[in-house]
Amino acid sequence: MADGPWPDELDLSRPNGARVYDHLLGGAHNFQVDRDHARRLLAANPEQQFGAQANRAFLRRVVEWCLERGVRQFLDLGSGIPTVGNVHEIAHAHDPAVRVAYVDCDPIAVAHSAEVIEGLTTVTVTRADLTRPDDVLGADGIAGLLDLDEPVALLAIACLHFTGGDAERSIAVFRERLAPGSVLAISHGSDDVDDADHAARMRAVVESFRDTASPVTLRSRAEIRGLLGDFALAGPGIVDITDWPTAGLAPRPAATWAAVGVKG
Ligand SMILES: C[S@@+](CC[C@H](N)C(=O)[O-])C[C@H]1O[C@@H](n2cnc3c(N)ncnc32)[C@H](O)[C@@H]1O
């Protein structure tokens, strides 16, 4: 396990983003403090449960899109508590040789991921902080599994809004270290949306997370585009996750931007 800025013991006194999200998706790996927070969150923004489901649907589509492009390695940052349709399950339905490295800082996410991948030689899980890219890339589970001379799909799905100002610097390091043909796929919450009421609800979500273990930072659409650096924008551009790669997949937007880029 990489050395990180987190306490080694589980903090059950405050809600945490991984477990609240698990509860929103109908999972069982959460505690009363997380379920209570989810209730407050849904009071602030009733769309949040739909947003979580839309995010998982986007994850599936973007993984399939990468596989169709021939990408055979995935580095899933902030991979979360396993739920239905994890990256390796989607990938291995296409090709069991696809390599998948999961990374999360949350001990529950890592422990349950380790159970789910037990016995698989092409999948690892590492506890590390994605804002420390050198730690991530140097960890055994990543350095020993992925070949950075070949294209990698770097997934940062619904996690960078938990990283404050560190995301830009960190993602730039990952971009630099990836081989040409690699993909960077991001989904990120935002209040930079046309619907003023939805924007206000997203700000209420930030407020609800303020004193939790997982404070939230929303980014503008331009800031999220900036996370792709000089990668060529793929698909329809920076669009709501419900519209990537095709408009109208879901009945309404999720106030979460999809940004997918390819390294030239
Ligand atoms: C909302 S969940 C998203 C899970 C998954 N990517 C998905 O889209 O279904 C966000 C995850 O990011 C993780 N996370 C937040 N900050 C992180 C950091 N600095 N390093 C690693 N993981 C982080 C949390 O522990 C949590 O599991």
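Okay, let's start at the ligand: 22 residues sit around it, and the ones that come nearest are Ala18, Gly78, Gly80, Asp106 and Cys159. Keep in mind that this is a predicted model. By class, that shell splits into 11 nonpolar residues, seven polar and four charged. As for where the shell comes from, at least two residues each are supplied by helix H1, which is 17-24, by H3, and by strand E2, which is 99-104.

Helix H3, residues 48-68, packs with helix H4, residues 87-94, at an angle of about 35°, and their axes are 10 Å apart. For the handedness, the H3 and H4 crossing is right-handed. Who's touching whom? On the H3 side you've got Arg60, Val63, Glu64 and Leu67, and they meet Val87, Ile90, Ala91 and His94 from H4. That contact comes out as five nonpolar residues, one polar and two charged.

Last stop, Val193. You'll find Val193 in the loop between strand E5, 183-189, and helix H9, 196-208. So, buried or exposed? Val193 counts as buried, because 21 other C-beta atoms lie within 10 Å, and the cut-off for buried is 20 or more. And which residues does Val193 touch, once we leave aside neighbours within four places in sequence? Those are His198, Ala199, Pro253 and Ala255. Take Ala255 on that list: Val193 and Ala255 are 62 residues apart in sequence, yet C-alpha to C-alpha they're 6.4 Å apart in space.

That's what I've got, thanks.

Notes:
Residues numbered from 1 in each chain as written. Predicted model: local features only at pLDDT ≥ 70, side-chain atom pairs only at ≥ 80, totals over all residues. Axes fitted to C-alpha atoms, helices over the stretch in contact; angles between N-to-C directions. Helix = DSSP H or I, 4+ residues; strand = E, 2+ residues; numbered from the N terminus. Left-handed = near helix turned anticlockwise from the far one by under 90°. Contact = placed C-beta atoms within 7 Å. Nonpolar A, V, L, I, M, F, W, Y, C, P; charged D, E, K, R; others polar. Buried ≥ 20, exposed ≤ 12 C-beta atoms within 10 Å, placed from the backbone. Near = placed C-beta within 6 Å.
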